[in-house]
Structures are given as C-alpha cells and as structure tokens.
Amino acid sequence: MSSVPTMTETTPKPVAATTTTLAAAAAKPQADRKKQAAVAKAVAPKQIIYPFWFGGSASSMAACVTHPLDLVKVRLQLRSGDAPKNMSGTFVHIVRGSDGVRGLYRGLTASLLRQMTYSTVRFGVYEDLKRRLTPADQKPSLALLIGLSSFSGALGGVSGNAADVTNVRMQQDAALPAGRRFGYRNGLHGMWRMLADEGPRSWFRGVGANSMRAALMNASQLASYDSFKALLMARTPLGDTTATHFASSLLAGFVATTVCSPVDVIKSRVMSAAHQQGIAHLLADIYAKEGVGWMFKGWVPAFLRLGP
C-alpha cells in the first residue's frame, strides 16, 4: 500500500500586518537616532556664558602687573635724543629718575581707564558675536573668527581712544622737557584737560591708527589663540588644561606683537604729539630718520607684556 505524500501549504499573512511590521522596522532606526541624540545632548558639556565685563576686568588686573612694560614700550617707541636704546637701559633710567620705582607706574590710572573701555568692548563683543553666530555643536571657522575679532577690535579702539591718548601722554610726560609736559594728574583729569584745551577732536586723535591696530591686535591675538588652542588639543596629549591655555596665549602674543608693532609705533607717535600731523608725513619723516627699524621699536617689552 503506497502512501501519498502530503504537501504543506503556507498561509499568506494579512497585508495590513506586513505593512505594520515594515513601518515598525523603519521607525526603529529613527527612534534609536533620537535616543542617541538625546543622550549626547545630556552628556555634552554645557556652554558657559561669561558676563560681558569679564574681559575688561581681567585686562585691568593684568595692567596693574604689566604697566611698567607698557610704559617702557612707549618710551622706546617715542625715544629721542640720548635716551636709552634698549629695554633694560630704559628701566634703569626711569627708576633713577625723580619718582624712583613709582615712575614705572606713571599713567596707571589712564591705563586702567583704557582697559575698562577698550578691552571690555573688544572681548565682550567678540565673545557675544561668536556665541550667537556659531551653532552649539560646531566650531567657528577661522574666517569667522578673524572677521568677528577685527570688527570687535576696531569698535574697542574707538571706544577707548580718549583714554589711550591720555595714557600715552602720561607715560611719556616725564621724558619731555619741562615746557612741553602735559602735567595730567590722573586719567580723568587728562581727558578733561584735553577736552578743555584742545576740544572734542583731541579725544579722537590717532583714532584711525588706533582702530587699525586694535583690529589687527584682536584678529591676530584672539583668532590665533583659538586656532593654536584647537591645534594643541587635537595634536598633543595636553587636553584642555592650564598648560594648553598658557602655550596658546604665548604663541598668540608672539603673532599679535609682531603684526601690530608698526601700527603701534605710529599710534603712539600720533597720540603723543600736541599738534595734528598726517600719517603719510609722519611715516616719511620716521623712515628718513630711522630707516625700517622703527617698525619694531619696543617689540621686546610689548611681547613680554602681551604674551603671558
């Protein structure tokens, strides 16, 4: 008796059930991605927004320490006659003067006034714009950093110009003959005397050179600082540490000092003058008397002040 083989039939699944299964399978990766994004957002470091005035207050504190270097820089930039030609000689010459060690802090009040206006604006505007224009999950491009830092630096240069003129004049006063001294008692007194004796335009003496210097300073200092820090964190095992910040600051200070030195010399000479002088005529006069070396007068104290 032969047996007849039986064939097993497969019952097809309902179409609705198949569609539901496919939709669930397609939705699962999307749900996983949302879950991963939520976890990443939860563990990501929260962006810290610092107060607007942090940059100005930090710069004011730094000025209390580095002011002697700034004074020596200005003296070297405006050097004339038989004044010392180097940084150490200028330090000794100032200390041996009638004011002694206190002479190294001549113009400190004007320097603090300058930092409260110039540095507060340049740092505050730069950080605020960088935060607003950069997505939280992305790093700002170098072009954006340069553009923002140039704009904020120029804005800071204009806002701090009056205090900067007073600062330069107070620092140079002791090196001038008695009949040519301004005799400002402090930063506010100097700004008032300028307004009363020379008119409102005196507050904006050299503002073009100052704004250019500030734009170059901010672009070369802040943009290069961020770039150096990112490079060191990516290429070295240092990580986000104090050593990384210090090394980035030192490198950025070197770049900024070198780039800004020629404009800084022009700014100091225009601001120290009691009379208006065109930039073209000033450059021709400096080059005829001092050659190309004028561009880096005061570079060493400027770097020692800015780098750290």
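Q: Under 20% relative accessible area is buried, over 50% is exposed, and in between is partly exposed (1.4 Å probe, protein chains only). Buried or exposed, then: what does Arg114 count as?
A: Arg114 is buried, because its relative accessibility is 5%. This is a predicted model, where local features need pLDDT of at least 70, side-chain atom pairs count only at pLDDT 80 or more, and totals for chains, interfaces and linings use all residues. Residues are numbered from 1 along each chain as its sequence is written, and side-chain values use heavy atoms, with hydrogens and water left out.

Q: Where is the place of Arg114?
A: Arg114 sits in helix α4, residues 108–133. Helices (H or I, at least four residues) and strands (E, at least two) are DSSP runs, numbered from the N terminus.

Q: Which residues does Arg114 touch, leaving out those up to four places away in sequence?
A: Ser119, Gly160, Ala163, Asp164, Asn167, Arg213 and Arg305. A contact means heavy atoms within 4.5 Å.

Q: What separates the C-alpha atoms of Arg114 and Gly160?
A: 5.4 Å. Along the chain, Arg114 and Gly160 are 46 residues apart.

Q: Let's zoom out. How many helices and strands does the protein have?
A: Eleven helices and zero strands. Of its 308 residues, 39% are buried.

Q: And what share of the contacts with a separation of 6 or more comes from residues 24 or more positions apart?
A: 74%.

Q: New topic: holes. How many cavities of 30 Å³ or more does the structure hold?
A: Two. A cavity is a set of points on a 1 Å grid over the protein atoms alone where a 1.4 Å probe fits but cannot get out; a pocket is an open set with protein on both sides within 12 Å along at least five of seven lines; lining residues have an atom within 4 Å of a point.

Q: What volume does the largest cavity have?
A: About 90 Å³. Volume here is the space filled by probe spheres set on the grid points, which are joined across faces, edges and corners.

Q: Which residues line the largest cavity?
A: The lining is Lys73, Arg213, Met217, Ala256, Thr257, Cys260, Ser261, Asp264, Ala302, Arg305 and Leu306. Two or more of the lining residues come from each of α8 (207–235), α9 (242–272) and α11 (299–306). α9 gives the most, with five residues.

Q: How many of those lining residues are nonpolar, polar and charged?
A: Five nonpolar, two polar and four charged. Ala, Val, Leu, Ile, Met, Phe, Trp, Tyr, Cys and Pro count as nonpolar; Asp, Glu, Lys and Arg as charged; the others, Gly among them, as polar.

Q: Ser261 is in that lining. Buried or exposed?
A: Ser261 is buried, with a relative accessible area of 6%. Helix α9 holds Ser261. Beyond four places in sequence, Ser261 touches Met295, Phe296, Lys297 and Trp299.

Q: What about the second largest cavity: how much space lies in it?
A: About 50 Å³. Arg114 turns up in its lining, and others there include Asp70, Lys73, Asp164, Arg213, Asp264 and Arg305. By class, this lining has two nonpolar, two polar and eight charged residues.

Q: Which element supplies the largest share of that lining?
A: α6, with four residues. α2 (54–77), α6 (161–172) and α9 each supply at least two.

Q: At what angle do α2 and α6 cross?
A: Roughly 80°, and their axes come within 9 Å. Axes are lines fitted to C-alpha atoms, for helices over the stretch in contact, and angles run from 0 to 180 degrees between N-to-C directions. α2 and α6 are therefore roughly perpendicular to each other. Angles of 65 to 115 degrees count as roughly perpendicular, under 35 as roughly parallel, over 145 as roughly antiparallel, and the rest as oblique.

Q: Which residues make the contact of α2 with α6?
A: From α2, His67, Asp70, Leu71, Val74 and Arg75; from α6, Asn167, Val168, Gln171 and Gln172. They divide into three nonpolar, four polar and two charged.

Q: And how do α8 and α9 pack: at what angle?
A: About 170°, with axes 8 Å apart. That makes α8 roughly antiparallel to α9. Their contact has 18 nonpolar, eight polar and four charged residues.
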